[in-house]
Amino acid sequence: MKRILCISVLLLAAADLASQNPIVPPGVYIADPSAHVWADGKMFVYGSRDESPEYYCSKSYRVLSSDDLKSWKMSGESFATTGPGDQVTYSDNYLYAPDVQYYKGKYYLYYCLSFAKNTEGVAVSDSPLGPFKNGTPIDVGGFNQIDPCVFIDDDGKAYYVWGQFSAKMARMNPDMMSIDTATIRENVITEEEHFFHEGCYMIKRNGLYYLVYADVSRGGAPTCLGYSVSINPMGPYTYKGVIIDNRFCDPNVWNNHGSIVEFRGKWYVFYHRATNGSVAMRKACLEPISFRADGTIPEVVMTSQGAGDPLDAFSETDAARACLLFGNVRIQTLGDGNEVIGRIWTKDKAAYRYLDFGNGADSLSIRLKAGSKSFRINVSAGSAWTGSLGSIDIPPQVSDEWITVTMPVKPVKGIHTLWFAFTDPSVKGSYMIPSEYGNSRQQTLCTIDSFRFTGPDNE
């Protein structure tokens, strides 16, 4: 049902939505999340840090930590290859995905470097937040690849796992600074048999060893986190399936990387989602997972709520919390560090899982910047094709100001996926974007900053 447009210029304060996905602050991009719970009971997440849409990672790390998976803190620089905190005297290369292990009062950071002869290294700290010091190369027997993972078994034996396309594994020496190169085993898991791409993470649960990794079983890209299991730490491993797939988080998403961990009796998968129409600029997210009686893990979907409750439809929701983006639309960072969804073209769609509409909503306000084309926003609950709540036509805008558009919606209650679908009535035909649609504001339909519903009990 088409509605009459109501527009007012309104500045909306950003709500504190720290309990939702992504768990990384606006304007910060931490990928490849390796999650660990240490003796203090807190969750610590170690990952690479993206800084450009043109390449992966950066030359420093930061650490995320939380007491409850809902409020997250980010450390200062915990390790670096350049600058005042440089702890890698032999290289200035980029830092790819890390892992950390605790052993006898020390925290060991296992890092890897881009395009380096000595790709694998280790640094040590007295604190889980770092700073980690004295970066030292690890001799990996000539297998200079990426993405280290360290696992300590119940008997105290430690294992080092790394590699691309074919995972390598070796026993660690008691110093936790080196591996026993005589124990290196190749092809622990492979792309051909296990869909392995890169980025292992290892746990043991109920006598089974799990390797979680970037899985290339769908769509020709490693967008999945898959897993394989074994009754022995060094295999043989059997492929068991996908835990989560981050396809459709961004039009140019390429990879995934993450971990699974138990926190206060519940299990979670940590993974990342790309932003900014790039293979990089990735953000750490998490979802609850479960185990079947046979030890297998049911696949879960990406959500906007993460470890928290469904988003409150009556609170302001940042548009950048979208968990599904179809078409050209992507999450973008503005100059002030605010994140939005932008580059929206006709036939694009964005979804939010899940919103709680409580006892009922009957109106929606959206804060946006419109371009020079008129367009329509269709709003649905449940799916993009059914459960229509209404639509609103937006006329062209001359100024570059943020405006708030308000529309009535069909009454909606309970918990639903929220969908926005965008159409330009002047464009006919298939989903493909006509060549005259470019990336400028004049050719993009709109940019959305936030939205909120109201109802009889929430005026």
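Modeller: Terms first: helices (H or I, at least four residues) and strands (E, at least two) are DSSP runs, numbered from the N terminus. This is a predicted model, where local features need pLDDT of at least 70, side-chain atom pairs count only at pLDDT 80 or more, and totals for chains, interfaces and linings use all residues. Residues are numbered from 1 along each chain as its sequence is written, and side-chain values use heavy atoms, with hydrogens and water left out.

Biologist: OK, where is Phe-115?

Modeller: Phe-115 sits in the loop between strand E10 (106–112) and strand E11 (120–125). Its phi is near 50°, a positive value in a residue other than glycine.

Biologist: And is Phe-115 buried or exposed?

Modeller: Exposed, at 76% relative accessible area. The cut-offs are under 20% for buried, over 50% for exposed and partly exposed in between, using a 1.4 Å probe and protein chains only.

Biologist: Switching to peptide bonds: which residue does Arg-353 join through a cis bond?

Modeller: Tyr-354, with omega about -10°. Tyr-354 is part of strand E28 (residues 349–356).

Biologist: What about the bond from Gly-235 to Pro-236, cis or trans?

Modeller: Cis, with omega near 10°. Pro-236 is in the loop between strand E18 (224–230) and strand E19 (238–245).

Biologist: Why flag these?

Modeller: Because most residues other than glycine have a negative phi, and most peptide bonds are trans.
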